[in-house]
Amino acid sequence: MDKNRQKYKYLYLLSEKYPNRQSVVTELIRLKAILNLARPTEHFMSDLHGEYESFFHILNNCSGVIKEKVDYLFEKDLTPAQRAEFCTLIYYPREKIMDLKEKKALSPSWYSKNLRLLLKLSRLMSYKYPQSELKNLMPKGYETIILELLTARPNDDAFQEVYFNTILNTLININSGNEYIIAFTIFIKKLAVAHLHIVGDIFDRGQRPDSIIDMLRQHHSVDIQWGNHDILWMGAMCGNEACIATVIRNSVSYNNTAVLEKGYAISLRPLSSLASKLYPDKNLNIAMKRTISIILFKVEGQLIKRNPDFNMEGRLLLDKIDYISKHIKINGKSYPVKSPSFPTINPDNPYELTEEEQSVLDEIKSSFRDSARLRKHIDFLYQKGSVYKAYNNNLLYHGCIPLNEDGTFKRIKINNQTYYGKNYLDFCDKTIRQAYLGLYDQKVIDLMYYFWCGRLSPFSGREFKTFERMYIEDKSTWIEPSDAYYRYCDDENVCNMILEEFSLKTKRGHIINGHVPVKVKEGESPVKANGKTIIIDGGFCKAYHNKTGIAGYTLISNSRGLRLLEHQTCSNIKEALKANQDIESVSCTLELQNYHSSTADTDLGEEIQEQINDIYHLMLAYQNGLIPEKA
């Protein structure tokens with residue numbers, strides 16, 4: 001390679017993509033223009049906890065954004081009832097068309113009217129996107145006709161009007177109306193939300209987390225910040241026995257074993273057979289919970305004993321039970337044990353599994369490993385997920401940044417290394433990925449359980465009291481001490497310290513957090529520290545509705561700032577189709593700007609600016625003859 005080529009090596013590589021000055025000029029113009037488009041819309045949701053039906057509706061109506069656009073655009077043209085029916089068609093096009101077909105309400109005029117409405121709505125919602133990107137958002141195979149309809153000008157020219165009407169009438173006459181209505185609704189939903197952030201906890205409690213992941217896998221642009229319940233399932237897939245036992249226990253406790261057996265083909269028959277044998281006088285669900293709980297406490301104890309640096313000795317309770325008097329001593333105080341039946345515990349070695357327990361655990365562990373669908377879903381969590389994400393000056397993470405009582409970063413010692421703040425979360429991220437590779441020692445796999453429930457885990461930040469809640473009546477033993485972070489997240493100075501730790505600007509930066517349900521009905525606000533922290537766990541899961549008083553949050557970020565939607569009730573599909581019901585939401589503007597922010601104000605804008613700088617230098621190299629142009 002000659003000296004000149006070596007000096008301009010990067011520009012020579014770039015010239016492969018832009019071989020001459022004209023191609024550079026074209027790209028410069030395009031990128032400069034994109035920087036001045038309105039900032040793309042982002043949605044943030046957290047703690048979905050398997051509530052597929054609610055999530056399905058909110059994802060389909062884009063958290064109410066589509067209804068707002070329809071009301072704005074068609075307020076004078078359509079009645080409220082007509083707008084509601086049109087929205088239902090967008091949310092559930094297949095089901096709505098089938099419903100109207102049964103009622104014999106479909107006709108060429110119906111298709112013409114609704115396709116024109118969808119086209120008008122698409123034009124309105126596409127203004128934030130460059131023409132080059134619109135095609136990528138359209139369903140494959142439908143791009144050509146949709147683009148022709150979008151760019152036609154029937155009001156400007158008689159021939160254009162005939163051209164436009166011919167396209168529309170032809171697709172209706174050849175019975176393609178259904179396909180194109182569905183294609184337009186997919187396109188509109190993508191236009192409504194440029195990017196979706198899921199701030200943790202897809203799994204557990206609700207019935208179908210697997211179906212939620214199937215939907216997310218189809219989403220055009222999504223990222224995930226792992227929650228402790230996600231880490232638990234990821235740990236189970238990595239082969240951590242304590243994680244596996246906890247996943248089973250949670251599913252049995254919330255009576256949603258269908259996700260294991262039907263969703264992931266993980267049979268619980270070995271567990272139910274052993275449970276029936278050990279507790280023949282108990283309801284099968286109760287017997288299974290007791291059986292798997294004891295297995296959990298045993299394998300958890302083994303894990304804690306081989307990892308003293310986890311500082312989880314307070315969870316070693318099986319050896320604190322007096323199996324004769326049926327009492328347990330905790331912190332010097334004795335408590336009676338509730339339902340004290342422990343048929344598989346050897347008091348001389350309480351953490352040893354029986355042969356039958358080990359056999360059950362081995363079979364279930366093998367089922368986890370062999371579940372192709374679960375592996376596909378966990379692969380997706382690894383591909384799209386991370387411990388945290390710094391995005392457009394917002395810091396997203398599910399749980400906490402461990403803090404001392406004085407609000408400074410807590411130093412955590414693991415494997416003779418000390419971590420705190422950002423480098424602790426980076427260590428966690430690296431370890432979680434190593435665990436899935438399966439190429440590292442047992443300590444890496446053990447850490448997956450610590451990340452699920454450790455007091456200093458950034459996903460949890462509290463000390464679990466699973467045994468106490470199950471076996472001790474005295475509720476004072478149930479209190480779960482939590483990290484100081486959960487008190488300091490309402491302190492603006494501490495929040496600024498955390499933002500600076502991640503190299504984010506404090507003036508317009510925010511921490512977006514999940515994990516802790518906001519008790520709205522008790523007057524608690526999701527907005528903390530003068531707007532620096534926003535807790536978006538509003539209780540999607542039905543199990544939390546009584547606690548929070550609402551049905552979840554969606555945080556929306558667009559060119560005008562931040563807006564929080566508080567979801568009151570969620571219709572199911574049958575209700576939506578029957579009466580065109582929609583989600584009820586209350587909108588709260590958190591940060592209305594006195595200017596419209598553009599793509600230039602985002603991380604994408606910074607990347608585009610770097611591209612502009614690079615190809616500008618390539619243009620100068622062409623102009624000065626330093627690099628030869630290609631035809």
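This talk goes through strands, a few single residues and a surface patch in one predicted model.

Some conventions first. The model is predicted, with local features needing pLDDT of at least 70, side-chain atom pairs counting only at pLDDT 80 or more, and totals for chains, interfaces and linings using all residues. Residues are numbered from 1 along each chain as its sequence is written, and side-chain values use heavy atoms, with hydrogens and water left out.

I start with strand β1, residues 42-45. Buried means under 20% relative accessible area, exposed means over 50%, and partly exposed is in between, with a 1.4 Å probe and protein chains only.

Which strands pair with β1? Strand β2, residues 195-198, pairs with β1 in the parallel sense over 4 bridges, and His43 stands opposite Leu196 there. Strand β15, residues 553-558, pairs with β1 in the antiparallel sense over 3 bridges, with Glu42 opposite Ser557. Pairing requires that DSSP finds at least two bridges between the two strands.

Next, an open sheet of 5 strands, in the order β8-β9-β12-β14-β13 and with mixed pairing. The edges are β8 (388-391) and β13 (527-528), each with a single partner strand, so one side of each has no neighbour in the sheet. Further in, β9 (residues 394-397) and β12 (residues 510-513) pair in the parallel sense over 4 bridges. Asn394 has His510 as its bridge partner in β12. Helix α25, residues 492-501, lies across β9, β12 and β14 (533-535), and runs at about 95 degrees to β12. That angle is taken between N-to-C directions, on a scale from 0 to 180 degrees, with axes as lines fitted to C-alpha atoms, for helices over the stretch in contact.

Two loop residues by these elements have positive phi. Asn392 is in the loop between β8 and β9. Phi of Asn392 is near 50 degrees, and Asn392 is not a glycine. Ser503 is in the loop between α25 and β12, and has a positive phi of about 60 degrees, also without being a glycine. For background, most residues other than glycine have a negative phi. Are these two buried or exposed? Asn392 is buried at 10% relative accessibility, whereas Ser503 is exposed at 68%.

Lys389 is partly exposed, with a relative accessible area of 27%. What does Lys389 contact, leaving aside neighbours within four places in sequence? The residues are Asp223, Gln225, Asn394, Leu395 and Leu396, where contact means heavy atoms within 4.5 Å. For scale, Lys389 and Leu150 are 239 residues apart along the chain, and their C-alpha atoms are separated by 36 Å.

Gln225, one of those contacts, sits in strand β3, residues 222-225. Gln225 counts as buried because its relative accessibility is 0%. Beyond four places in sequence, Gln225 touches residues including His197, Ile198, Asp230, Tyr388, Leu396 and His398.

There is also an open sheet of 3 strands, ordered β4-β5-β6, with antiparallel pairing. Here β4 (321-322) and β6 (333-336) are the edges, each with a single partner strand, so one side of each is left without a neighbour in the sheet. β4 and β5 (residues 327-330) pair over 2 bridges, and Ile321 has Ile328 as its bridge partner in β5.

Asn240 is found between α14 (228-237) and α15 (241-253), and is buried at 2% relative accessible area. Among the contacts of Asn240 outside four places in sequence are Leu303, Ile445, Asp446 and Tyr449.

Tyr440 is in the loop between α21 (421-437) and α22 (442-453). Tyr440 is partly exposed, at 42%. Together with Leu437 and Leu439, Tyr440 forms a nonpolar surface patch of about 360 Å² accessible area. Accessible areas come from the Shrake-Rupley method with a 1.4 Å probe, and for residues only the protein chains shown count as cover. Patch members have over 30% relative accessible area and no salt bridge; like charges are joined within 9 Å, and nonpolar side chains (Val, Leu, Ile, Met, Phe, Trp, Tyr) within 5 Å. A salt bridge is a side-chain nitrogen of Lys or Arg within 4 Å of a carboxyl oxygen of Asp or Glu.
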